[in-house]
Amino acid sequence: MTTARRISGTTIAAHAVLMTYTVIALFPVFVILINSFKTRRAIFRDPLGLPNEETFSLIGYQTVFRQGDFVLYFQNSMIVTVVSLTLILLFGAMAAFALAEYRFKGNTLMGLYLALGIMIPIRIGTVAILEMMVSTGLVNTLVALILVYTAQGLPLAVFILSEFMRGVSDDLKNAGRMDGLSEYQIFWRLVLPLVRPAMATVAVFNMIPIWNDLWFPLILAPAEEVKTLTLGSQVFIGQFVTDWNAVLSALSMAILPVMVLYVIFSRQLIRGITSGAVK
Amino acid sequence: MPAPSKPKTRWHIAVFLAPAVLVYTAVMIYPLFNTLRLALYAEVDQQRIWVGLQNFQTLFGDAIWSEQFWNALGNNAWFFLIHMLVQNPIGIALAALLSSPRLRFSAFYRSAIFIPTILSFVIVGFAWKLILSPIWGIAPGMLDAIGLKFLYQPWLGKEEYALTTLSLVSVWQYVGIPMMLIYAALLSIPDEILEAGECDGITGMSAFWKIKLPLILPSIGIISVLTFVANFNAFDLIYAAQGALAGPDFSTDILGTFMYRTFFGFQLQLGDPHMGSAIASAMFGIILIGVCTYLFGIQRRLRNYQF
C-alpha cells in the first residue's frame, strides 16, 4: 500500500517535470504559430491570445505569397536536400559495402580516412571551398551546395552503414555468388534491402542539418534564384521587420515542412539511436 | 602447366569506393588543407605572396586583431561552458525520467522536447528575440503576471547578458540531442544488472547514481566532445539573432562570426580570405586539441574504468 502510493507520487513528479519542460520547449513555436493567424492589432494587444473570429486574419500569408519567392525557396531547399541525401546514401552505402565486405590492402586505413570527417567540421575549409567553387564556376548554383552537403554527410554515413553491413549474413551473400550474381548485384539486390533501416537513420541524421543550414547558402549561393528557404526567411525577416504579419507567417511556413518530415521519420530516428547507430 | 595466375585486380572494390572517396577528398579534405595553406599567404597589389606565419603573428600580436580574437575565443569558451553545465545535465535528467519503466506518454514527451532541435536557427533566433523584446513585451508581461516584473531586462540588448541569453537559447534548442543519446544508452543497460542491484537493495535514485550513471559515462564523454565541436564551430544562431557584428558591441562574438566577418568583410571592414584562413586554422587547432584530449585522455580512462 505505502509502496504503491510512493510510486505514484514519484510518477506524478516525473510527469510534472516532463510536462513543464514540454511547455518550455513548445512555447515559442506556439506563440509564432498562433500570432501568424491574427490581425496586426491583435498581435500587439494580446500576443498570447488564441485567434478568434474577431482577430483571425490571413493577411500575413497573403503578403508572403504575393511578395516573397517562398515557393522558389522551398523548391530550392527541397532539391538540395533530396539530391544530397540520395548521393550520401548511394555513395555512402557503396563505400561502406567495400569496407565491410572485402579484405584488401589499406582497408583499415581507408576506413580511418573516411572517418576523419566525423569530428572535423567542413566549415573550417570554407575559404578554400569558396575559391574552388569560384574557379569551377559553381558559385550560386545548387550543385555547389549539394557537393558540400554530400561531402559533409558521407563520413557518418559510411561509419553507420558499414557497422550494419558487417551484420549481414555471409551465407546469404555466398549463396548469391553461387547463383552467379555479380558483386554489384549482391550489393544492390541482397545487401541494400537488408540495411534499409540503417539507411533511414542516416537520412534523418543528415536531413535536418542540411535543410536548416545557413552558413553555406549564405556563402556559396546567396543569389535570389538559388536561395534556400532558411536563407530566404533570414533575408525576409531583415527586409520586412515592420510587417509583423508577414514575418510571423513566413516563419510558420518555414517551420511546417521540417515538422512534417520529423513526424514521418521520428520513429526511425529513435530506432536508429536506440539500436546504437551513434555510439 | 600454367603458372598459378596471380590474383586478378578486383575492380569492383575501386568502383564501390571511388565516388565517396572522390567527393569527400575533393570537397572536404583538400579544401581543409588548402585553407591551412592559404593562411600562409597574403594579398598585396592583387598578387598572392607567401608570408609564412605573418598572418598568425598579426592575429595574436597586433592589438586590434588579438583583442577581437581573444574576445571571440573567451565568448566561445563561455558558450561551451554553459552548454556543458546546463544543457547536458538537463538532457541527462530528462532522459533518466523518460527511461523509467511504466512511464506513460514518454514518446510524446520525447518528441515534443526534441522539436526545437529540428527548427532552423533563423526561426529560433527570431522567436526568442520577439519573446524577450521590450517592445512586444511577452516576457515583461509574463513576469508581471507572476509578480516578478522587476527581474525583466532587455537581455539580448545588454552587453553583460546577451551572450549568456543566447547560450541559454541554444541550450533550449539543443537539449534534445543529449536527451536522445542518453535515453538510448540507458535503454541499452541490461535488465539483469539492474535486477542484481535491486536484490542488493539499490533502487530508485541510488540505482541511478550507483549503477546507471557509471555505465553511461562513455556516452556522456561522446556528448561532451560533440558539444565541444559543435560549439566551437557555431555561427548560425548568433548571426540570425544579432547579425554579423555580433552585437551589442561584439559581446556575443564567437569564432564563427569572427571568421565570417574577417573572410567577407562587413560594413567598414574589407574582406580578407587569408586572415579568414588564419582564423579557420586556429579553429581547426582548437577543435583538434579538444578531440585529441577526448580520444587519448578521457576515452581511454573511461575504458579502464568500465572494465
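Residues are numbered from 1 along each chain as its sequence is written, and chains are lettered from A and ligands numbered from 1 in the order in which they are written. In this predicted model local features need pLDDT of at least 70, side-chain atom pairs count only at pLDDT 80 or more, and totals for chains, interfaces and linings use all residues, while side-chain values use heavy atoms, with hydrogens and water left out.

Q: Which residue of chain B meets A:Arg123 in a salt bridge?
A: A salt bridge needs a side-chain nitrogen of Lys or Arg within 4 Å of a carboxyl oxygen of Asp or Glu. Between chain A and chain B the count is two salt bridges. In one of them, at 2.8 Å from N to O, the partner of A:Arg123 is B:Asp236.

Q: Which arrangement do the rings of B:Tyr41 and B:Trp50 have?
A: Rings of Phe, Tyr and Trp (its six-membered ring) pair if their centres lie within 6.5 Å; planes under 30 degrees apart count as stacked, over 60 as edge-to-face and the rest as tilted. By this rule there are 32 aromatic pairs over all chains. The centres of B:Tyr41 and B:Trp50 are 5.6 Å apart and the planes stand at 85°, so the arrangement is edge-to-face.

Q: Is B:Trp50 buried or exposed?
A: Buried means under 20% relative accessible area, exposed over 50%, and partly exposed in between (1.4 Å probe, protein chains only). B:Tyr41, the ring partner, has 17% and is buried. B:Trp50 has a relative accessibility of 56%, so B:Trp50 is exposed.

Q: Which residue of chain B belongs to an aromatic cluster with A:Phe97?
A: The cluster includes A:Tyr102, A:Tyr184, A:Phe187 and A:Trp188 along with A:Phe97. The member from chain B is B:Phe16.

Q: Which residue of chain B does A:Thr150 touch?
A: A:Thr150 lies in helix H7 of chain A; helices (H or I, at least four residues) and strands (E, at least two) are DSSP runs, numbered from the N terminus. At 1% relative accessibility, A:Thr150 is buried. Not counting residues up to four places away in sequence, A:Thr150 touches A:Ser84, A:Leu87, A:Ile88, A:Phe91 and, from chain B, B:Val23.

Q: How many residues apart are A:Arg177 and A:Glu101?
A: A:Arg177 and A:Glu101 form a salt bridge, with the closest N and O atoms 2.8 Å apart. A:Arg177 is partly exposed at 28%, whereas A:Glu101 is buried at 18%. Both belong to a network of salt bridges that also takes in A:Asp170, A:Lys173 and A:Glu183. A:Arg177 is in helix H8 (residues 170-178) and A:Glu101 in helix H4 (residues 70-101) of chain A, and the pair links distant parts of the chain, 76 residues apart.

Q: Is A:Lys227 buried or exposed?
A: A:Lys227 forms a salt bridge with A:Glu224, the closest N and O atoms being 2.8 Å apart. A:Glu224 is partly exposed at 35%. A:Lys227 has 8% relative accessibility and counts as buried.

Methods. Contact = heavy atoms within 4.5 Å.
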